Amino acid sequence: MTSNFQNDLRYRKKGGKIYISGAIQPVNQISANQQTTVAVLPEEYRPIRTAYNVCQGGGMNRFYLTANVDGSLVVQKYGTTQNIPIPAGTWLSISIDFPAD
């Protein structure tokens, strides 16, 4: 986890897949159009190739989540029809899965 985020993430391997779920919350506002690393996955839960998902933000907002091979979970493109800042204290739901091997 990076110092700008609180998180409650869970990791699971089952049936040849890795599942990451939970929620994160920025301590400070995150600027619009910024790619921000919100957590780093343990080595045994990292993807073998980059994985992507669209996740639920606060209210009607959504965001783009990337799980990189180095284990970084990156949030970007927060909003509905345009990118807006992610307000401090907003809970963001995380849900992504990818092949384990």
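1. Buried means under 20% relative accessible area, exposed over 50%, and partly exposed in between, with a 1.4 Å probe and protein chains only. By that criterion, 41% of the 101 residues of the chain count as buried. The model is a predicted one, in which local features need pLDDT of at least 70 and side-chain atom pairs count only at pLDDT 80 or more, while totals for chains, interfaces and linings use all residues. Residues are numbered from 1 along each chain as its sequence is written, and side-chain values use heavy atoms, with hydrogens and water left out.

2. On secondary structure, the chain has zero helices and seven strands, where helices (H or I, at least four residues) and strands (E, at least two) are DSSP runs numbered from the N terminus. The order of elements from the N terminus is accordingly β-β-β-β-β-β-β.

3. As to overall dimensions, the radius of gyration, taken over C-alpha atoms, is 13 Å, which agrees with the value near 13 Å for a compact globule of 101 residues; the globule rule is 2.2 Å times the number of residues to the power 0.38. Along the principal axes, the C-alpha atoms fill a box of roughly 35 × 25 × 20 Å. Among contacts (heavy atoms within 4.5 Å) with a separation of 6 or more, 58% join residues 24 or more positions apart.

4. The rings of Y11 and Y45 are stacked, because their centres lie 5.3 Å apart and their planes meet at 25°. Since Y11 belongs to strand β1 (residues 5-14) and Y45 to the loop between β3 (36-40) and β4 (51-56), this pair ties together parts that are 34 residues apart in sequence. Y11 is partly exposed, at a relative accessible area of 30%.

5. The rings of Y52 and Y64 are also stacked, at 5.7 Å centre to centre and with 25° between the planes.

6. V75, in strand β6 (residues 72-79), is buried at 2% relative accessibility. Beyond its neighbours within four places in sequence, V75 is in contact with I24, Q34, Q35, T36, V38, F63, Y64, L65 and I86. For V38, which is 37 residues from V75 along the chain, the C-alpha separation is 6.8 Å.

7. Backbone angles deserve a separate point. Most residues other than glycine have a negative phi. N33, although not a glycine, has a positive phi of about 65°; N33 sits in the loop between β2 (17-26) and β3 and is exposed at 63% relative accessibility. K77, likewise not a glycine, has a positive phi of about 55°, and K77 lies in strand β6.

Conventions. Phe/Tyr/Trp six-rings, centres within 6.5 Å; stacked < 30°, edge-to-face > 60°.
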